[in-house]
Amino acid sequence: SERGTVGHRQLSVADPQRTELVDADTLAAPGAVVDRVDRMSGRVAGHVNVVDDPGPLTYSLVRQVDRRIGAVTVDADSGQWAFTPTQAARLAAHLNPDDGVATFAVAASDGQTVDVRAPVDPAEAAVTDTIDVGSGLTYGLAVIGDRLYVLNGSDDAAGNGSVKVVDTTTRTVVGSVEVGSMPFALAASGRSLYVGNADDGTVSVVDASTNTVVDVIDVGANPFGLEISGDRLYVADLAGTVSVIDLADNTELVRIPVGGDPFGLAATADRVYVTNYAGGTVAVLDQATNTADHAATGGYPYYAAVVGKRLYVVNAATNSLTVVDGSTTTAVEIDAKTHALDAIPPDAAPVDMIVRGDRLYVSNINCGTVTVVDVATNNTVATIGVGIQPGLMAASRDGRTVYVSDVMGGTVRVITSVRHAAR
């Protein structure tokens, strides 16, 4: 599963230090100084030192860097310079740190020229493309093979939504499937897609081989969360229930009362965790008995993700993240010395998570970023600026590509990760 408590402890999240001072001695040539590196964008700022002649000097760039590496600007009056690397160069520097230097030259009006060597700040993951999927609100995503499926809400006169089909090689829309009203959640199994239509109380079943709706399942009032575990589909309905669907014939086996506006789902082999958004709880469903236990978490738990024996739960309203030991359903005490999960900015409103390997990706809708967490240490290893209102996410099976929906903009950002290639 990619996508709940239980005794809990909410972890305070603080503003990340995105910019830091850099020791200039090892990278800056005589007369050039590296002042700061912005770890989010990779932008490097510095200045040149020359011996002033009487009267003011002006400065200019006389040797630009290769465009494939980045671009440089120079302030004519102060000699301050800025190097902004391309995202491809940052990814390459992560794989080959010895190649992570850009060279250029700044000239002063008195004839002095300063050679500058600026670091290419390495990044294990970065935004490399944007996919336009058309008008309408953009919600859930799923990947099957070389196709990305994107939910668009209410983009026709009847108020129905659609599933946009994207070729992940060309990153263009190659098809569209009309589904129900306000499609929000999406789950995939084999060649089948399951779409939760939040305003219809139904789930549309789409054959991904033909891009046609082959069945519609009644599940309640407002299905907002879907999760597949084995041969069962679990559907969280804001009316206070979870429907269990037999995928063999798409019939509803049971509807389990859980209360509290159930929203997000995450599953292990024998449990399903249900975040109850308004109730401030996570329901823990026993898959064998279809019964639920509850525990208070406080706040407004949103989405959840299972990582090994731990459950991660984001809380969009209180801007917190809870880590739970799934074997005992008790919170895990995170060592404060590691500064675990401290790079989610205040008021970021984290909404979704997806796990690939040892990396947990968290979308922060209010500040346009995706936080990358090393789940082995619970340290934040990267903060990626995506420049949108990032909502729901999906990823390729190998974890090298992560897709992030822009809720309001009708686009999907493509994040490329070289984490696995580097190993």
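This is a predicted model: local features need pLDDT of at least 70, side-chain atom pairs count only at pLDDT 80 or more; totals for chains, interfaces and linings use all residues.
Residues are numbered from 1 along each chain as its sequence is written, and side-chain values use heavy atoms, without hydrogens and water.

**Aromatic pairs**

I looked up the ring geometry of Phe263 and Tyr303: the centres are 5.4 Å apart and the planes stand at 70°, so this is an edge-to-face pair. For the terms, rings of Phe, Tyr and Trp (its six-membered ring) pair if their centres lie within 6.5 Å; planes under 30 degrees apart are stacked, over 60 edge-to-face, the rest tilted. Phe263 sits in strand E23 (residues 262-267) and Tyr303 in strand E27 (residues 301-307), 40 residues apart, so that the pair links distant parts of the chain. Helices (H or I, at least four residues) and strands (E, at least two) are DSSP runs, numbered from the N terminus.

I then took Tyr277 and Tyr302, whose ring centres are 5.4 Å apart with planes at 70°, so the pair is edge-to-face. Tyr277 belongs to the loop between strand E24 (271-276) and strand E25 (281-286), and Tyr302 to strand E27, 25 residues apart. Tyr277 is partly exposed at 28% relative accessible area, whereas Tyr302 is buried at 17%. I counted ten aromatic pairs in the structure. One aromatic cluster is formed by Tyr139, Phe184, Phe224, Phe263, Tyr277, Tyr302 and Tyr303.

**Cores**

I checked the largest nonpolar core next; among its 50 residues, Phe184, Leu233 and Leu360 touch the most other members. Such a core is a set of buried Ala, Val, Leu, Ile, Met, Phe, Trp, Tyr and Cys residues joined through side-chain atoms within 4.5 Å. A second, separate core has 22 residues, including Ala32, Val37, Val44 and Val48. Beyond its neighbours within four places in sequence, Leu360 has contacts (heavy atoms within 4.5 Å) that include Ala305, Tyr312, Met353 and Thr371.

**Sheet with E10**

I traced an open sheet of four strands, in the order E10-E37-E36-E35, with antiparallel pairing. Two strands pair if DSSP finds at least two bridges between them. Strand E10 (125-132) and strand E35 (390-395) are at the edges with a single partner strand each, so one side of each has no neighbour in the sheet. From one strand to the next the twist averages 25°. E10 and strand E37 (residues 411-417) run antiparallel and are joined by seven bridges. Asp129 has Val414 in E37 as its bridge partner. Helix H1 (residues 87-95) packs on this sheet, touching E10 and E37, and its direction makes about 145° with that of E10. Axes are lines fitted to C-alpha atoms, for helices over the stretch in contact, and angles run from 0 to 180 degrees between N-to-C directions.

**Arg39**

I found Arg39 in the loop between strand E3 (32-38) and strand E4 (44-48). Arg39 has 35% relative accessibility and so counts as partly exposed. Its C-alpha atom is 7.1 Å from that of Asp121, 82 residues apart along the chain.

**Whole chain**

I noted one helix and 37 strands in the protein chain. Of its 423 residues, 54% count as buried.

Note on methods: Buried means under 20% relative accessible area, exposed over 50%, partly exposed in between (1.4 Å probe, protein chains only).
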